[in-house]
Amino acid sequence: MEIIARHYGTPGPIVNQAGEAIFAPTSGPLLYAGLALMMVVLSWRQRLIALGIAAGIDVVFFLVRWVVDADEMMFGNGALWVILGHAFIAVTRRTGKERVLLLKGVGLGLLLVAGHKTGDTWLMITSETRPTVLDAYVATADHALGNPSWVMGRIVDATGPIGYQAIHLVYGQLPLAAAVFALYQLRHVAKEGRFPGHHLVRTFLAIGLVGPAIYMIFPVAGPVFAYGAEGGQWAAANLWPHTPVPVGTPHAIPFDEVTPRNCMPSLHTAWATTLFIHTREGSRLLRYAGAFWLIGTLTATLGFGYHYGADLVAGVVFALTIEAAMRSFHRGWDRAGIALVGYGSVIFTLLLLSYRYLPVEMARHAWVFGPSLLLAMASVIYGYVRTTRLWNPRTAPVQQPEPQLVQA
């Protein structure tokens, strides 16, 4: 990925992350999220010390940049320094299981940042290497689902600025919600001296690393770009969200070299689905929060014109397939796990093929293809629920015998 990025004249994820040790970071909050994940292996006293040192380093960097009148004043250098410092401590001052645990914490924190930067590099590559987009195919196929992006776009417009800002907050803070729940999942790591075999961060990273590869196969910009005001002169027409795309013979649309082709599948939907799945194992409050973020994310992706309904269907199937693969990798591949991952992969492939080669038929026979798409997605959901229940059966409560009265 670093070599490919260099080929297009931009630094790759490794150079970007290394540069943030000195230069103003572009991902300050993300660096502190990585620090928070790393600190799950520390005691509370060590966490406070680490956080204080990170904040102190950032204050020094801020003052230096203020003195030299730097253009960028973003924080985050301190968090990266503390993470790297703990890697040095693990190698030089720890042994055995303590060293391994601390290095795992450091690796998890660095992977969170590296995964995000790798995703950014992928997006740049999609815009540079895919001069055309396939929005016309997906927009036509979306007639089978009733053009949900156009419907939700008008609903969001009707809510006014308050509704828009509320939905935008939910959409933008999905990584924060995931980080909070990940910290909840990993809260016992320091006490138990080990990480759980499977947790939210693993699936989030896998989705972020695998998903962009699909963008290269099926480049789509999104309705607000291809058919809305955000596309500017490159938009095929200014139709979104009031006029659905007419059913005709779709063709690839030439597009700019800036807009990412990051719609198929919807990774925001995949991440929100994964968050929803993992919060099912938490308290009632966390379960409500997971459902709230899933609904809010689906509303935002459609209502802001970032995705078509077909993207969301593919995103759910993609998320469940990746989650099943990660769980199977942890517990050992068995027949049920292989079948579930294989079935999800087949359904996902069939979705992409139908969007690409059957969009006109899907639009003209919406009463057949619309329910078929939803049933295909529902079948993967059912398969996932059924298989994971077999893996983690709930123990039935043991009924206590009634006390016997002893007669004197």
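His-86 sits in helix α5 (residues 77–93). Helices here are DSSP runs of H or I with at least four residues, numbered from the N terminus. The model is predicted: local features need pLDDT of at least 70 and side-chain atom pairs pLDDT 80 or more, while totals for chains, interfaces and linings use all residues. Residues are numbered from 1 along each chain as its sequence is written, and side-chain values use heavy atoms, without hydrogens and water.

His-86 is buried, at 12% relative accessible area. Buried means under 20%, exposed over 50%, and partly exposed in between, with a 1.4 Å probe and protein chains only. Beyond its neighbours within four places in sequence, His-86 is in contact with Met-38, Leu-42, Ala-50, Leu-102 and Val-106. Contact means heavy atoms within 4.5 Å.

Val-113 belongs to helix α6 (residues 96–129). Val-113 is buried, with a relative accessible area of 1%. Not counting residues up to four places away in sequence, Val-113 touches Gln-17, Glu-20, Ser-27, Leu-30 and Leu-31. Val-113 and Ala-291 are 26 Å apart, C-alpha to C-alpha, and 178 residues apart in sequence.

Domain 1 gives 21 residues to the contact and domain 2 gives 23 residues.

The size of an interface is often given as the accessible area lost when the parts come together. Domain 1 and domain 2 bury about 1800 Å² between them, with 78% of it on carbon and sulfur atoms. Buried area is the accessible area (1.4 Å probe) that two parts lose on being put together, summed over both. Val-40, Trp-122 and Ser-127 supply 29% of the area that domain 1 buries against domain 2, more than any other three residues. How many salt bridges are there between domain 1 and domain 2? The count is zero. A salt bridge needs a side-chain nitrogen of Lys or Arg within 4 Å of a carboxyl oxygen of Asp or Glu.

**Rings**

Rings of Phe, Tyr and Trp (its six-membered ring) pair if their centres lie within 6.5 Å; planes under 30 degrees apart count as stacked, over 60 as edge-to-face and the rest as tilted. By this rule there are twelve aromatic pairs. The pair Tyr-164 and Phe-304 is tilted, because the planes stand at 50 degrees with the centres 4.8 Å apart. Tyr-164 lies in helix α8 (residues 148–172) and Phe-304 in the loop between α14 (284–303) and α15 (309–331), so the pair ties together parts 140 residues apart in sequence. Phe-204 and Trp-271 have ring centres 5.9 Å apart and planes at 20 degrees, so this pair is stacked. Phe-204 is in helix α11 (residues 200–217) and Trp-271 in helix α13 (residues 267–279), so the pair ties together parts 67 residues apart in sequence.

| Residue | Relative accessible area | Class |
|---|---|---|
| Tyr-164 | 35% | partly exposed |
| Phe-304 | 6% | buried |
| Phe-204 | 16% | buried |

Ring pairs also link Tyr-164, Tyr-171, Phe-304 and Tyr-306 into a cluster.

Key
Helices (H or I, at least four residues) and strands (E, at least two) are DSSP runs, numbered from the N terminus.
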